[in-house]
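Please read them with the structure open.

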Amino acid sequence: MSEQFPALLITVPLISAFFITALGWRSAKPAYPIALLALASALFSSMGLFGEVLKHGKVSYRLGGWPPPFGIEYAVDALNAFVLVVISFVALINLIAAKRKVDGSFSGKSPAFYALYVMFVSGLLGITVTGDVFNLYVLLEITALTGYALIGMGDKHAPLAGFNYLIMGTIGASFYLLGVGYLYLATGSLNMGNLSEIIPTIQSKQTIIFAFIFCLLGLFIKMALFPLHNWLPNAYSYSPPAASGLIAPLTTKVMIYVMIRLVYSVFTPAFSFGHPILPTVFIWLAIIAIVMGSLLALAQKNLLKILSYIIVAEVGYMVGGFWLGNSDGMTGAILHIANDALMTLCLFLVAGNFIFVLKNDRLESFKGLIHKMPLTMAAFIIGALSIIGVPPTCGFFSKWYLIKGGIEAGQYGFVAALLFSSLVNVILFFKIIEITYFEPETKDGHSLHHHVAIPREEAPLSMLIPLAITTLLLIGVGLYSKEIVTGIIQHVLPTI
Amino acid sequence: MKKTGLIMVIVTGILLIAGTTEFPDWADPNSPASSHVSPYYILKAIDDTAVPNVVSAVLADYRGYDTMFETAVIFAAGLACFFLLRQFNRKRAKTKMYRHVPTGIIIDIDEGGKLPEENSNFERIDSQWTPYDLIIKTTCRIIIPFIQVFALYVIIHGHHSPGGGFQGGVILGATIILFAISHDLRTTIKRLSEKMASVFSSMGVFLFAATGMLCLLLGSVYLDYSALSDLLGTDPVMARSHGILIIEIGVGLSVMAVMIWLYYNLSSAGKHNEGL
């Protein structure tokens with residue numbers, strides 16, 4: 001059983017999608033339980049795999065029984081296994097919270113929603129677990145395609161946003177595929193482990209450099225690194241809340257993981273960091289992303305737009321931290337994959353609750369929310385503190401590593417950008433929290449002068465419990481981040 | 001904006017061309033692509049899988065896992081299109097239009113009126129200008145069965161000649177689309193409902209994924225068809241050949257059904273009326 005985890009992890013959610021679709025024609029009822037079971041089994045498999053990797057080291061799974069480089073291999077080390085747990089956890093939690101949001105929407109097509117949802121998750125898991133650069137592309141496609149459909153079913157702006165995402169995502173995937181083509185041309189192999197053995201032996205490296213640039217360019221589009229971020233804010237803020245809670249926390253983070261994986265296990269750190277200019281260029285791109293993402297977030301009037309621009313800035317954190325090239329920067333970047341996934345999940349769940357009750361996410365309609373939805377607001381405040389980076393929430397610790405790495409590498413621009421972004425986040429979130437303390441206006445447009453108890457109108461329990469779990473984890477992961485770093489991330493980092 | 005776009009395209013193009021300077025020569029037998037893994041496939045495919053067509057062996061066995069997800073991508077495309085376009089609860093038109101085929105006279109029938117019988121000379125239309133072409137209809141009726149037989153041949157013969165599930169499935173799907181174009185969408189949906197198309201498309205990929213799962217349950221790894229040898233009563237190498245056939249059929253079924261499903265939703269914008 002346990003040696004089959006890598007295959008079960010991906011195929012159980014995939015197969016469940018076919019059941020959901022076929023059974024959906026009889027009744028829409030079984031769709032949700034099947035999806036829930038499939039994702040629970042994915043979480044179980046990824047936890048099992050994680051335990052296995054921590055105990056025995058690298059796990060390799062040969063699909064079809066063919067040895068690499070002839071067949072496709074799943075290669076799991078501590079880094080994948082860690083990201084796998086994050087993905088399957090976030091997907092499951094958001095699915096639980098999505099139930100009430102899906103009920104009644106999508107006019108009779110909710111089974112299709114759940115089928116696309118589980119296929120999206122199995123694609124993300126596959127991207128993370130695979131040890132083959134072309135298999136990664138195929139799974140990238142399945143994730144992208146289901147993602148476009150999930151985003152396109154949002155409000156009236158969503159189809160256009162989804163279409164923009166489709167164009168940009170396809171360009172990104174094409175660049176990645178072009179890079180893989182160049183790699184195959186230069187090496188004749190598609191297996192990551194095999195590639196990393198061949199690449200150092202190749203004398204003339206021009207084709208490899210082009211492959212490297214194309215792969216990274218494709219990933220930068222997919223992860224929405226400024227100035228390639230244009231598709232993201234609209235796609236994430238207009239999509240249905242049930243889907244944005246899945247797509248927003250995971251997609252960009254998985255792409256960051258792919259970047260790390262390619263640099264470590266395909267192009268080798270000696271090659272990637274050995275280039276005289278590229279790492280510095282990437283760090284400066286990241287600095288611009290952080291500054292611009294934060295500034296653009298300040299200009300927004302909708303909560304989801306603000307959160308989307310914060311994601312753009314956070315992508316800069318991770319890209320910059322990783323390309324610092326020292327162990328603190330990389331530790332920060334990898335830790336931030338998990339932390340940012342949790343923080344984004346928390347805030348998107350909060351936004352989902354707001355939208356469920358208020359029917360919109362404009363900041364001016366948040367007046368009085370602190371009395372109306374106290375529990376959701378509590379989660380919002382903790383999530384906000386974590387994004388700002390206040391201890392003991394987890395956001396503080398990854399930011400700490402990133403700043404330490406920046407100072408060590410002498411990249412003071414990056415350190416300044418991090419501090420600037422934290423400052424902007426303080427302004428942003430305290431502005432929102434302040435609004436929620438205002439009293440709501442009465443119908444004739446004047447605010448009440450005497451205190452009237454505002455009726456409580458919380459989101460349903462099935463949305464509050466997942467939010468509570470996520471919020472507690474923000475603090476829990478923060479308290480245990482030392483253990484995570486010494487127990488997991490230190491095993492992954494190569495010596496450069 | 002247009003100018004910056006043009007400049008970027010030109011720069012990217014120059015980069016792409018610059019990147020090709022160190023490419024190996026055309027058909028260079030010593031190039032990495034033809035000297036690293038390819039010789040293994042060419043030499044061993046027949047011994048490993050008993051499939052003479054190396055492309056099929058690589059596609060469906062050595063890299064069969066990729067192919068499973070490619071099929072799943074196609075399935076996802078059909079599902080995404082259904083999810084985005086299909087309209088279940090739309091307002092139905094109050095009057096229905098029927099045309100008397102022999103005379104070409106169009107009658108409007110109000111709600112509650114008596115509708116013509118199923119096999120009468122009347123046909124339902126949605127707009128006044130709906131051409132009726134006997135020659136096209138009859139020709140398509142005649143050639144569709146032949147195309148379908150050819151499609152089955154392409155699927156089954158993928159082991160020995162160019163072909164396989166994707167190509168055969170597309171040809172099969174095209175016959176139904178041809179029928180829908182030459183007749184109308186309603187007639188087609190009456191013969192092959194959307195539900196059938198959707199269930200077939202999930203069944204096809206399921207057949208693929210379940211074959212892989214069966215190998216896993218029989219004690220081997222996912223998609224290792226040689227584990228099916230006891231079940232199929234053959235030696236492990238032959239079992240791989242049969243396994244490839246099974247999944248090719250699954251791919252063919254799925255691709256056919258998705259083509260039809262996509263056409264239903266795209267041609268009528270999810271309304272499932274008379275279509276194009």
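**Notes on the chain A and chain B model**

1. Between chain A and chain B, 16 residue pairs are in polar contact, both residues being at pLDDT 80 or more. A polar contact here is a pair of N or O atoms within 3.5 Å; within protein, one must be able to donate a hydrogen and the other to accept it, and residues adjacent in sequence count only if both atoms are side-chain atoms. By class, the side of chain A that touches chain B has 42 nonpolar, 18 polar and five charged residues. Nonpolar covers Ala, Val, Leu, Ile, Met, Phe, Trp, Tyr, Cys and Pro; charged covers Asp, Glu, Lys and Arg; the others, Gly among them, are polar.

2. On the basis of these notes: the model is predicted, local features need pLDDT of at least 70, side-chain atom pairs count only at pLDDT 80 or more, and totals for chains, interfaces and linings use all residues. Residues are numbered from 1 along each chain as its sequence is written, chains are lettered from A and ligands numbered from 1 in the order in which they are written, and side-chain values use heavy atoms, with hydrogens and water left out.

3. The contact (heavy atoms within 4.5 Å) takes 65 residues from chain A and 58 residues from chain B. The two chains bury about 5,300 Å² between them, 73% of it on carbon and sulfur atoms; buried area is the accessible area (1.4 Å probe) that two parts lose on being put together, summed over both. In chain A, the residues that lose the most area to chain B are A:Trp25, A:Trp66 and A:Phe70, together 16% of what that side buries.

4. How many salt bridges does the rule find across the interface of chain A and chain B? It finds one, taking a side-chain nitrogen of Lys or Arg within 4 Å of a carboxyl oxygen of Asp or Glu. The partners are B:Arg63 and A:Asp132, with the closest N and O atoms 2.7 Å apart. Elements of chain A that each supply at least two residues of the side touching chain B include helix 1 (5–23), strand 1 (59–63) and helix 5 (133–152). Helix 1 of chain A gives the largest share of that side, twelve residues. Helices (H or I, at least four residues) and strands (E, at least two) are DSSP runs, numbered from the N terminus.

5. A:Phe134 lies in helix 5 of chain A. Beyond its neighbours within four places in sequence, A:Phe134 is in contact with A:Leu177, A:Leu190, B:Arg63 and B:Asp66. A:Phe134 is partly exposed, with a relative accessible area of 23%; buried means under 20%, exposed over 50%, and partly exposed in between (1.4 Å probe, protein chains only).

6. Two cis peptide bonds deserve a look. One joins A:Phe226 and A:Pro227, with omega about 0°, and A:Pro227 sits in the loop between helix 8 and helix 9 (231–238) of chain A. Another joins A:Pro391 and A:Pro392, with omega about 5°; A:Pro392 is in the loop between helix 16 (374–388) and helix 17 (394–409) of chain A.

7. Positive phi values also need checking. A:Lys359, not a glycine, has phi near 70° and is exposed, with a relative accessible area of 64%. B:Ala269 has a positive phi of about 55° and comes just after helix 11 of chain B.
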